[in-house]
Structure formats: C-alpha cells, structure tokens
Amino acid sequence: DSIDYILDQTSMRTVVLSGDKLRNISDLKSKGKISSTTHIIYYDEAKPADIEHAKSSGLTVVTFADVIAEGKQLNDDGSAWDKVTGETFYTFSYTSGTTGVPKGVMLTHRNFVVNIAGLDFWDNKDRFHDKDVYISYLPLAHVFERLMLLTGMAIKMEIGFYQGDVLKLTQDLAVLKPTVMVSVPRLYNRFYDLMQAKIKELTGFKKTLTEWGIQKKLAALHSSAKTTDNFYDALVFNKFREILGGRVRTMITGSAPIAKEVLNFLKIAFCVQIKEGYGQTESAAAISVSWTYDPEAGHVGAPFPALELKLIDVPDMNYRSTDVDENGNPKPRGEVLYRGYAVFKGYFRQP
C-alpha cells in the first residue's frame with residue numbers, strides 16, 4: 001500500500017530496485033495501479049519469469065549495467081543533463097507514516113549541503129576526516145543515515161556496509177574496524193546489557209579492579225569529560241573497545257532518548273566521546289547535537305549550526321513560554337537551553 005501511495009503521489013516514472021523486488025512492482029502494475037510508472041531499472045539477478053511478468057504488465061525493464069553503458073554514450077559537455085541548483089529537489093524522503101499515510105518531505109540540494117557543512121563544522125575538536133572509516137548499518141531510507149553517507153563522500157571517508165543482519169553486526173565491526181559509528185539507543189542498550197552481564201560474571205580482584213576503574217573514569221567524565229585512562233584502559237576497558245573493532249574514536253546516538261547512566265557508561269567503556277542528537281526528516285536530519293567534550297549527559301545539545309530554530313507555544317500539549325511553577329516563578333516548558341563551557345588547562349567549567 002505504501003509503495004502504491006508513494007509512486008502515485010510522486011508520479012514516479014522510473015523505479016530502481018534489486019531483482020528480487022521486481023515482482024512487487026509488476027504485481028501492482030498488472031492490477032491497474034502505479035499508472036505513472038513505466039520503467040524499471042534492476043540490479044543483481046532477477047528471475048526470468050519475473051522479468052517476463054513485468055514486461056507483460058506494461059513495464060519497460062532495463063538492467064543497471066545497460067543504464068551505465070548508455071550513460072557512457074552521452075555527451076560529456078553536460079548538455080544532456082538537467083541543470084541543478086541549490087533549490088533543486090534532491091529527494092522526497094518519506095516518513096514512516098506512524099500517524100497515517102507516509103508523508104513525503106521535499107528536501108533540496110541546499111538542505112543537505114548546508115547540513116554536511118554543519119556536521120563537519122559543528123565540532124572542531126572531533127571533526128571527521130579522510131582517514132576515517134564509517135560503518136553503515138542504519139536503514140538507507142533514514143534521512144540521517146543518508147546525511148552521514150553524503151558527508152562521508154564529501155570528506156572522502158571510507159564507508160563499509162554491514163552484511164544485512166544486525167545480529168551479526170559485531171562480526172562486521174571486527175572486520176571493518178570503523179573509526180566513526182552512528183547508532184540508536186536500541187543497539188547501544190544491547191551493548192550496555194552485554195557489558196554489564198560480563199562485569200557481573202567477574203569475581204575476586206578482577207571484579208574489584210573493574211569497579212575501581214568504572215568509579216575513577218566516571219568521576220573524570222563528570223569533572224572534565226575525559227573518557228580515557230591509560231592504566232584502567234589497558235587492564236579493563238580495551239576489551240570493551242574490541243567489541244567495536246578497537247578503533248572507534250567518535251560516536252553519535254539519536255532517533256530516541258538514551259538513559260544518562262547508559263550513555264555515561266558507554267563513553268568510559270568504549271573510551272570515546274558519544275554525542276547525542278535530535279532531528280527530524282523535515283530538517284534533513286539535524287536539529288541539535290551535543291558538544292564532543294560536554295561532561296553532562298541527558299540532553300541533546302545546542303542548535304545545529306546550519307539551522308535557525310524558532311520556539312512557539314503549543315497550548316494543546318501544555319507547552320507555554322508563560323508557564324510558572326507552584327511559587328509563581330517563570331518555568332517555561334520546551335525551551336532550548338544553551339550551556340557554554342570555558343576551557344582552562346584541559347578542563348571544562350560551567351560559567
């Protein structure tokens with residue numbers, strides 16, 4: 001139903017898909033649906049019966065290899081291509097439709113370009129670079145994953161794709177050994193539970209040493225945002241780092257809130273900074289993200305550099321700028337808090 005709705009709403013003429021999905025489209029076409037769709041470009045292998053069924057339903061079926069070959073015959077002067085500007089639509093990114101039918105968010109080239117620049121600019125302390133290796137496992141239809149891939153291509157990061165099974169992600173991490181990882185609380189919580197279970201199995205001095213290390217590193221994290229400790233990392237935490245392949249230097253979490261205690265533990269266990277962000281499809285992913293060396297978890301940071309934010313009252317949800325507490329003092333709900341930190345000899349103090 002979603003495919004039918006989206007192709008009809010966008011008047012989609014050409015669909016690119018893997019060969020095993022060919023039947024899905026041709027079945028819709030044979031039932032008199034997706035009237036605008038006329039061409040299918042498929043990659044990988046397709047069953048001969050599926051190809052014939054697609055043709056009999058009125059679709060023109062072309063292999064991806066044939067498209068590439070035809071493209072090589074076009075003039076190199078650019079005259080065959082449509083002109084693209086910043087305001088040209090890059091994609092219609094459809095939301096999941098949890099509140100009804102999927103909604104197509106119309107995003108331009110400019111929307112993504114400024115967010116790529118913002119993602120690269122937002123934190124000079126921990127910028128991406130062309131020696132980074134990124135692991136891609138989130139759905140490619142997810143707007144933030146698409147932003148990460150575009151950023152990776154712009155900066156010339158290496159990008160590795162997981163084998164398609166989240167349960168085997170640790171195998172992929174061990175092989176790829178990424179330096180950059182973006183994930184969601186669901187997976188981070190799984191890592192947390194796994195490590196907590198391993199810690200509970202410890203006995204004797206190993207358990208005591210691990211508990212000392214956790215206490216010391218959490219204290220350092222809260223006071224100065226430090227996530228490393230030469231002594232305890234060598235004896236305890238490098239084993240946890242190996243879960244991610246041993247080279248991850250920066251991580252991001254988003255899509256849903258993550259518990260503060262989980263985030264803080266993962267920072268010291270993986271010995272890396274983990275930024276928490278908030279965004280929407282409508283903003284081409286980013287809205288706000290925490291600073292790399294912010295020692296305080298439990299928030300989603302400051303407004304993203306590529307955006308302008310405006311806050312308004314939402315009376316139906318009881319969010320008002322005029323809200324007060326029980327003593328009549330101002331207590332607005334839903335406000336943006338901006339916390340700055342002064343740098344002094346490597347430590348960060350809240351002014």
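In this predicted model, the largest nonpolar core holds 59 residues, and Met-181, Phe-191, Met-195, Met-251, Phe-265, Leu-266 and Phe-270 touch the most other members. A nonpolar core here is a set of buried Ala, Val, Leu, Ile, Met, Phe, Trp, Tyr and Cys residues joined through side-chain atoms within 4.5 Å, where buried means under 20% relative accessible area with a 1.4 Å probe, protein chains only. Leaving aside residues up to four places away in sequence, Met-195 touches Phe-240, Ile-243, Phe-265, Leu-266, Ala-269 and Phe-270 (contact: heavy atoms within 4.5 Å). A second, separate core has 14 residues, including Val-15, Leu-17, Leu-28 and Val-61.

Turning to the rings, the structure contains 9 aromatic pairs. Rings of Phe, Tyr and Trp (its six-membered ring) pair if their centres lie within 6.5 Å; planes under 30 degrees apart are stacked, over 60 edge-to-face and the rest tilted. Because Tyr-192 belongs to helix 8 (residues 185–201) and Phe-265 to helix 11 (residues 260–270), the pair ties together parts 73 residues apart in sequence; helices are DSSP runs (H or I, at least four residues) numbered from the N terminus. Both Tyr-192 and Phe-265 are buried.

The rings of Phe-237 and Phe-240, with centres 6.2 Å apart and planes at 50 degrees, form a tilted pair. Both residues lie in helix 10 (residues 230–241), 3 residues apart, about one turn of the helix.

Residues are numbered from 1 along each chain as its sequence is written. Local features need pLDDT of at least 70, side-chain atom pairs count only at pLDDT 80 or more, and totals for chains, interfaces and linings use all residues, while side-chain values use heavy atoms, without hydrogens and water.

Note on methods:
Helix = DSSP H or I, 4+ residues; strand = E, 2+ residues; numbered from the N terminus. Buried < 20%, exposed > 50% of the residue type's maximum accessible area, 1.4 Å probe, protein only.
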